[in-house]
Amino acid sequence: MDAIGKHNKISALGVTKTFSGKRGEVIALKDLSLDVQEGEFLVIVGASGCGKTTLLNLMAGFDTPTDGQILLDGKPVTGITPECGMIFQQYALFPWKTVQDNVEFGLKMKRMPKAERKERAAKYIDIVSLKGFEKSYPHHLSGGMKQRVSIARSLANDPAVLLLDEPFAALDAMTRQVLQEQLVRIYEKHRKTIVFITHSIDEALLLSSRIVVMTARPGRIAQDIVNDLPHPRNADVQLSDRYIELKRTIWNSVQTEVLKSMEVETS
Amino acid sequence: MKKEDKGVSYLVVSVLSLLIFLFLWESLCRMGFIEPLFLPAPTKILARAVKMIENGQLIQHTLASTRRVMVGFMVSSLVAIPFGIFLGSSRFFMAVFDPLISLLRPLPSMSWIPLSLLWLGISETQKYSIVFMGSFAPSLLYIIEATKSIDPLLIRAARNLGASKLDVMREVILPGALPQIIAGLKVMLGIAWTCIISAELVAAREGLGFMIMNGKEYFQTDTVLLGMVMISITVMVIDIVFRKFERSLLPWTR
């Protein structure tokens, strides 16, 4: 048996993805290889259009690589798999279902008996502190609450990997901070493997155990950094020399990439 | 409070407008400006209504038409909803059925009357079939359109949570498209009424369409007008019932 943290949970193996658009072929990812270890909180940072969402979609099985493979526990991912629970920036809650029914959805699809699924959903609604809102419909909830429902819905389904695609980007700063803290607590308690996409370096530093910086189109890995900042990552940590050093390193490589992608767009 | 007051005063305006319209119509008839054979006075129509309620004919004709519309419309909706959702989520089967639907869609229900009489005779089934043929293809198109309006992200999310393609149709596409499906069916219900009236005008032994045609045969213009008024009233009542039903079907839109 591999020691915890040494087992590759999900990997990209020489993945290339091209899309054919109106103006010819676009190479979104080129020969990208990445191993995410079990229990790791990996944050991928990159400028917009660097293919980070494409990578996540490939991991969830929404799309298949043009070349290369995605491996989950060493086995290739060939279709959409509930093993990789996705959390979307736009929440993707079912508007006609109550909070309770939304959280129960994955369990219902597994044909779990009603009583059991109710109990399980209640547990996860409690974890994201939404007790008392079980019977509300999504349009009565704020953005932050909707994203918490979406997190509970994914967790209740007990996926092996949680994929988050800029989940807090549409939220205001205060709400975002609360949800970040909540996610860290959930991670510390459940030790799920997490792949999280963001374009905020601070968010990456606050959440991750490892940070990968992606290059602009075609997407490749520019930098792979272990985030050794101590927990909890409070205000003191955020003002520490190590934090600023890491932030500068990441910013330098992101900046180069942003400038490069601007040149591509203007040329 | 203020808003409600306004609503009430607008209602008063509407009622007054109706009364003035009826009063003008009545006076023009009484003063001899309008020949009663062409257009009888409202009071004449009312008198005819009273007579026909007493002998039970009015209820009989109204119920006959309503029953035909309801049966034909229900059968057409019950087939069109699952079939439309299926076609809306499968490009292949959409391609298979598209030519047939495109051929059927432009045909008015009237054009089916000769064939249906030939196949089914002057029977109740023939009436149902006219309503069905008139409303099925348009309903199907409404439902396919409604199916396509679903946010693909929701389908993705459902699949990611372990839903099969069939689960997606039942759990995501049907409820997601339901508000639009119901809006479409409301329009179709109106069309179903025009279908049945035309079918009854051509060949029937009862129903509001028959009553109108029969009234014309005997120069009872008041019966003709009464039949027309009854169609309006019945459609309005059904529309109100439908709206109540819609609210209880779509609790999340409240």
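**Entry 1: a strand pair.** I looked up strand β3 (residues 41-45) of chain A and found that five bridges join it to strand β8 (residues 193-198) of chain A, the two running parallel. Strands here are DSSP runs (E, at least two residues), as helices are (H or I, at least four), and both are numbered from the N terminus. Two strands count as paired if DSSP finds at least two bridges between them. Opposite Phe41(A) stands Ile194(A) in β8(A).

**Entry 2: ground rules.** I note that the model is predicted, with local features needing pLDDT of at least 70 and side-chain atom pairs counting only at pLDDT 80 or more, while totals for chains, interfaces and linings use all residues. Residues are numbered from 1 along each chain as its sequence is written, and chains are lettered from A and ligands numbered from 1 in the order in which they are written.

**Entry 3: the sheet.** I followed the strands across an open sheet of six, in the order β6-β7-β8-β3-β9-β10 (chain A), and the pairing is mixed. β6 and β10 (221-226) of chain A are at the edges with a single partner strand each, so one side of each has no neighbour in the sheet. From one strand to the next the twist averages 15 degrees (axes are lines fitted to C-alpha atoms, for helices over the stretch in contact; angles run from 0 to 180 degrees between N-to-C directions).

**Entry 4: chain A as a whole.** I counted eight helices and 10 strands in chain A. Its C-alpha trace spans about 55 × 45 × 45 Å along the principal axes. Buried residues are 42% of the 267 in chain A; buried means 20 or more other C-beta atoms within 10 Å of the residue's own, with C-beta atoms placed from the backbone.

**Entry 5: chain A against chain B.** I found 19 residues of chain A and 14 residues of chain B in the contact. Two residues are in contact if their C-beta atoms, placed from the backbone, lie within 7 Å. On the side of chain A, the elements giving two or more residues are β6 (84-87) and α2 (99-109). The largest share, three residues, is from α2(A).

**Entry 6: chain B.** I read that chain B is divided into domain 1 (1-32) and domain 2 (40-253), with bounds from an automatic or database domain assignment. The C-alpha centres of domain 1 and domain 2 of chain B are 31 Å apart. Five residues of domain 1 of chain B are in contact with four residues of domain 2 of chain B.

Methods
A residue is buried if 20 or more other C-beta atoms lie within 10 Å of its own, exposed if 12 or fewer, and partly exposed in between; C-beta atoms are placed from the backbone.
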